[in-house]
Protein chains: 2
Amino acid sequence: MDYERSELIVCGRPLQQFLDDIEKFHGFTAPGLVIGGFMVDLAQKKIEPGIEADAVVETGSCLPDAIQIFTPCTTGNGWMKVVKWDKFALSLYNKKTFSGVRVWLDLEKAKQFPNVYNWFMHLVPKKELPLEVLLDSIIEAGDGILSWCEIQVKPEMFKGKKRELGICPACHESFSRIQGEVCTSCRGDGYFDFQGLEAV
Amino acid sequence: MDYERSELIVCGRPLQQFLDDIEKFHGFTAPGLVIGGFMVDLAQKKIEPGIEADAVVETGSCLPDAIQIFTPCTTGNGWMKVVKWDKFALSLYNKKTFSGVRVWLDLEKAKQFPNVYNWFMHLVPKKELPLEVLLDSIIEAGDGILSWCEIQVKPEMFKGKKRELGICPACHESFSRIQGEVCTSCRGDGYFDFQGLEAV
């Protein structure tokens, strides 16, 4: 498929730019992220226009980057939440009224696009389905493999809990007190061991 | 401070571009994210050159975006991990050898820059410390408020657990079986209620 000549607009940009933006941020043109882009595009078309939307993604793979590339929501600004259910679904919702839309990969619809279905369900070895072929199928499918519905997000789910901050008496860094008297690292449950030089 | 004329290079780019890139991705020039940029810059200078590095951030606020803007690691590609300890620290480590560096905001050093210290410790009301003044102080401080050390990341901490995938018999979407017979949403513990129309 000649992406450069395509007239398809996804997430407000021409197809080739849509794909370039994915590669630039994510490091490569991940098939799941291309599907994720179509999901964001559909959600943006279905949600009431002109509102400030927060986002939820239901898997830690690929979809968080679709939200981060194509909406203002990021991990670090707190407007995107990730729930790790390994569900290929995302939601955008009005941050004031909590009403919004949820979009997901509909497996029944995906069966009409065997390359996409077989890739997603791990039914075909990677070497038998080259990336270019898979991407062509994903782009051909577009939002034809997606379903959506209106939702009302439960406000209590993502309320920022104010956590009491303190200074760890062992490392003298600030931390949330919920971890106990000392921070998780100083208790020995951190992700690293000290190595080589002392702190500088 | 005239950022345009500054000769400071942070994360490989001139100061004004560094600040513009933060605003573009994060939505605004968050002070914590500017400090985070200096933290990434220091980590990149201290880690062995030319290696592929994965990242860990120890708070969900601001620092994830510093990593995502200034390194190839993102939430969606899995190269950045977030541990929610509310510690203002981040690590970069060699993804093959697991050796790396950790950088943190050193409160003792920060005391030399009262605006930065008072803002971080919530000792001054926002209206008494305008953003421009705070940003000037943060940029003046640069890496003078940071400490770093070498670390060895425990490989078992971030090993991708292969989770068994299935299809939820209620919603017919794919999900990880660890959630039970049906998925979390169908069990009634999801983050939303259905609203209005059926699925389309």
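How many bridges join β6(B) to strand β7 of chain B? In this predicted model, seven bridges link the two strands, and they run antiparallel. Strand β7 covers residues 146-153 of chain B.

Strand β6(B) also has a partner in strand β5, residues 89-94 of chain B. This pairing is antiparallel and spans five bridges. Within it, Val101(B) of β6(B) stands opposite Leu92(B). Four residues lie between the strands of the β5(B)–β6(B) hairpin. Phe98(B) takes a positive phi there, near 65 degrees.

Strand β6(B) is mostly covered, with six of its seven residues buried. Arg102(B) belongs to this strand, which comprises residues 99-105. Is Arg102(B) buried or exposed? Its relative accessibility is 2%, so Arg102(B) counts as buried. The cut-off for a buried residue is under 20%. Across the pairing with β7(B), the bridge partner of Arg102(B) is Cys149(B).

The side chain of Arg102(B) makes polar contacts with residues of both chains. One reaches the side chain of Glu173(A), at 2.9 Å. Another, of 2.8 Å, joins Arg102(B) to the side chain of Glu58(B).

Technical notes
Residues are numbered from 1 along each chain as its sequence is written. Chains are lettered from A and ligands numbered from 1 in the order in which they are written. This is a predicted model: local features need pLDDT of at least 70, side-chain atom pairs count only at pLDDT 80 or more; totals for chains, interfaces and linings use all residues. Side-chain values use heavy atoms; hydrogens and water are left out. Buried means under 20% relative accessible area, exposed over 50%, partly exposed in between (1.4 Å probe, protein chains only). A polar contact is a pair of N or O atoms within 3.5 Å; within protein, one must be able to donate a hydrogen and the other to accept it, and residues adjacent in sequence count only if both atoms are side-chain atoms. Two strands pair if DSSP finds at least two bridges between them.
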